[in-house]
Amino acid sequence: TRRRLRRRGIAHTIPERSDQIARRAAKGSRGGRRPRFDKEIYRQRNVVERCFNRFKQWRDLATRYAKRAAIYRSSLLLIAAVIWLR
């Protein structure tokens, strides 16, 4: 995943797993440099992912029962307002 992100010029926000950290430390100087990780970007990504998961709880939105784009968008806005008011 990180390789694909680098190819496209996208900074990754995926934290490194503990086993990868240990493997890199065991290699010593041949282990390469640590990938950059920004906690603030990761927090923002987490907020977006949680929002998508809340939208998925609404069955009609998740399964796209609406046939027209305008109806789908209006239901999305209505559901977003309901989630925001909770």
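**Figure 1. Contacts of E16 in the predicted model.** Leaving aside residues up to four places away in sequence, E16 touches R2, I21, R24, R34 and P35. The model shown here is predicted. E16 sits in a loop, with α1 (2-8) on one side and α2 (18-27) on the other. Is E16 buried or exposed? E16 is buried, because its relative accessible area is 16%, and the cut-off for buried is under 20%.

Figure 2. Y72 is a residue of helix α5. Which residues does Y72 touch, if those up to four places away in sequence are not counted? They are L61, R64 and A66. Y72 has a relative accessible area of 24%. Y72 is therefore partly exposed, since the class called partly exposed lies between the 20% limit for buried and the 50% limit for exposed.

**Figure 3. Y72 and K39 as a pair.** Along the chain, Y72 and K39 are 33 residues apart.

**Figure 4. Helices α4 and α5 and the confidence of the prediction.** Where in the chain is confidence lowest, and where is it highest? The lowest mean pLDDT, 78, belongs to helix α4, which covers residues 59-62. The highest, 90, belongs to helix α5, made of residues 69-85. Over the chain the average pLDDT is 84, and 100% of the residues reach at least 70.

**Figure 5. The helices in the setting of the chain.** The chain has five helices and zero strands. Read from the N terminus, the order of elements is α-α-α-α-α. Along the principal axes, its C-alpha atoms fill a box of roughly 55 × 30 × 20 Å. Of the contacts between residues at least 6 apart in sequence, 33% join residues at least 24 apart.

Figure 6. What share of the 86 residues is buried? Buried residues account for 13%. The chain exposes about 8,200 Å², and 53% of this area comes from carbon and sulfur atoms. The chain carries 26 positive and 6 negative charges. The mean position of the positive charges and that of the negative charges are 6 Å apart.

Definitions and conventions: Residues numbered from 1 in each chain as written. Predicted model: local features only at pLDDT ≥ 70, side-chain atom pairs only at ≥ 80, totals over all residues. Heavy atoms only, no water. pLDDT = per-residue confidence, 0-100. Helix = DSSP H or I, 4+ residues; strand = E, 2+ residues; numbered from the N terminus. Buried < 20%, exposed > 50% of the residue type's maximum accessible area, 1.4 Å probe, protein only. Contact = heavy atoms within 4.5 Å. Areas by Shrake-Rupley, 256 points an atom, 1.4 Å probe, with all protein chains shown as cover. Lys, Arg positive; Asp, Glu negative; His and termini not counted. Charge placed at Lys NZ, Arg CZ, Asp CG, Glu CD.
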